[in-house]
Amino acid sequence: MAPAKHDKDARAGVSSRDSRKRKTRPGGAWNRLRSIFPRAESTPGRVALRVLAVVLILIVLVIVASFFVDEPLRRSMERRMNASLKGYSVRIPKLHFSLFGASITLHDMTVRQQQNPDPPVAVFPTLKASVQWTELLTFHLVADMLLERPRIHLNLLELQAENRDATAVKDKGWQDALEQIYPLKINLFRVDDADVVYIDKSPEQPLHIAHLYLRANNIRNIHSHDHVYPSPIHAEGIVFEKGHLAMDGHADFLAKPTPGVHALFRLDQVPLDRLHPISARANLELKGGTLSTNGEVEYAAKTKAVHIALLSITGLRLDYLHTPETAGAEAKRQKKVSAAASQASNRSDLDLRLDRLELTDGNLGYVNRAKDPAYRAFLSNTRLTMTNLSNQFRHGPATVQLTGRFMGSGASRALAHFRPDSNGPDFDLDAAIEHTEMVRMNDLLRAYGKFDVVAGDFSFFTQLRVHDGHIEGYIKPLFRDMKVYDKRQDADKSLFRKLYEGLVGGVAHLLENRSNEAVATKADISGPVNNPKSSTFQVIGRLIENAFFRAILPGFDRNLTSQKATK
């Protein structure tokens, strides 16, 4: 019986050992892990710390490894971007690639024009490209590009080089160069706090747009079904230190052959005197004035439209300068303006429209330095209202109403209607100037009539109509109480000049209507417009110069002399 008991005890022992093995089997694995981390069994928190340490070590190793990629990637990117560009070069001092963010950051990248390398055209302190993570939710793998505080610097020399270059700006390879930065197509493009400067001739008068922000999304049209302006865009900035720019709209960046855009825009309180360097090249001398406007613009391959709802200008002084040195350039410019106006009139793919223009407290003048003496004819306290101006005949005629003070004295008013016509100017004009102090006109009188006055009152009336290349109307100047010669004023003049002005004054006295002491003439105008292809404003300008300055004033002397002989 003993052996049986022994066997029973043995079996019980084996069973007990097997049971202990089953119970302690996980403990064996834990013991092996403890051999690696001896103290990990103390608390679950310490286990998490050890796992976190391993993860951090791996992250550090990846980051360190990524730095070894930065320099080869920088050199390769710089080389590929320069190969894409024509006439420009790129320099990338520093690049960093982040594996975890799948991003590339460029630091202090510069773009230079090869003909004028200094200063650089653009400096990008930070340019970052990464995956647009929000689009992964819609299963689109696209890029987000951000430019922080870019500085764009343009000048006259660079623009002149561009004009001489036979390669168009759109063919310079800018898009190809941009695509070399990141392998994914850009879908979100942002510009934060940009600074744009243009310098014409003088660095003292830059054109400056500061704090410019731009955002364009859905560039790849991934949320669009009809591909018609699917990408929302927004821009805003500070113009010339005082004005404000805002634009909101949509664009189609993938449209062929050119991208399209449709946006609403607004400009508020923009100082116009900053435009003086540019206006001077058109013989315009601009001082003071602020501009505010709003409207919409649409530009695409088959549609070009600008619709300005309101254009308001306040406190502007603007002179057109005519000089012997620029006479040739002025004539060429007038021909270009006339040709452009003729081509734009009723053009099917171009719609230009201005609902309302308001100019208040203006001073508009014409300065002629080709005469001796030089003179300035001007209208002060000008208020001008223009409505419904367009290049399309279907929009109907434009109406212009003008009031002011001729030579700062004579109350002036004008009403005109303009009709867009590709065959030439088409307008009617009714204008009047009343009770101008003639002493303010002495430079004009000396330049054309070779005399001046010490007293007198001048008025002028006209009605004109230009249609189908033909002009009809009249001009009527009226001189009242004019006194030409004064011994005290003319003491330093030669005897011949005194006799001439005395004769003019004496004849005027003889011809005065005793009831109102006035001298009046009237000239009817009828005939063809010399150049039917002239612009409307060219025709008006020539009428004023030829009929008023060149005919009325010197003709006044001749008229007095001939009438005296008749007497």
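Predicted model: local features only at pLDDT ≥ 70, side-chain atom pairs only at ≥ 80, totals over all residues.
The chain has 567 residues, and 39% of them are buried.

**The chain as a whole**

- The protein chain exposes about 31,800 Å², and carbon and sulfur atoms supply 59% of that area.
- Take the contacts between residues at least 6 apart in sequence: 59% of these join residues at least 24 apart.

**Helix α6 and the residue after it**

- Helix α6 covers residues 327-344, which is 18 residues.
- From the first C-alpha of α6 to its last the reach is 26 Å, close to the 26 Å expected at 1.5 Å a residue.
- Glu330, Ser338 and Ala344 are the buried residues of α6. Viewed down the helix axis, the buried residues of α6 fall within an arc of 135°, so they line one face of the helix.
- After α6 comes Asn346, with a positive phi near 55°. Asn346 sits in the loop between α6 and β16, and it has this positive phi although it is not a glycine.
- Is Asn346 buried or partly exposed? Asn346 has a relative accessible area of 31%, so it counts as partly exposed; buried would mean under 20% and exposed over 50%.

**Helix α7 and the residue after it**

- Helix α7 takes in residues 442-449 and is mostly covered, with six of its eight residues buried.
- The buried residues of α7 are Asn442, Leu444, Leu445, Ala447, Tyr448 and Gly449.
- Lys450 follows α7, and its phi is positive too, near 60°.

**A nonpolar patch on the surface**

- Leu49, Leu52 and Leu56 form a nonpolar patch on the surface, and together they have about 280 Å² of accessible area.
- Of these residues, Leu52 can be found in helix α2, which covers residues 44-84.
- Leu52 has a relative accessible area of 45%, so it is partly exposed.

- The peptide bond from Asp118 to Pro119 is cis, with omega near -5°. To find Pro119, look in the loop between β3 (103-113) and β4 (122-131).
- Asp372 and Pro373 are also joined by a cis peptide bond, where omega is about 0°. Pro373 lies in the loop between β16 (350-368) and β17 (375-390).

**A positive phi in a loop between strands**

- Which phi does Arg149 have? The phi of Arg149 is positive, about 55°, although Arg149 is not a glycine.
- Arg149 belongs to the loop between β5 (143-148) and β6 (151-155).
- The relative accessibility of Arg149 is 43%, so this residue counts as partly exposed.

Technical notes: Residues numbered from 1 in each chain as written. Heavy atoms only, no water. Helix = DSSP H or I, 4+ residues; strand = E, 2+ residues; numbered from the N terminus. Expected span 1.5 Å × (residues − 1). Buried < 20%, exposed > 50% of the residue type's maximum accessible area, 1.4 Å probe, protein only. Arc of directions from axis to C-beta. Patch = residues over 30% accessible without salt bridge, like charges linked within 9 Å, V, L, I, M, F, W, Y side chains within 5 Å. Areas by Shrake-Rupley, 256 points an atom, 1.4 Å probe, with all protein chains shown as cover. Salt bridge = Lys/Arg side-chain N within 4 Å of Asp/Glu carboxyl O. Contact = heavy atoms within 4.5 Å.
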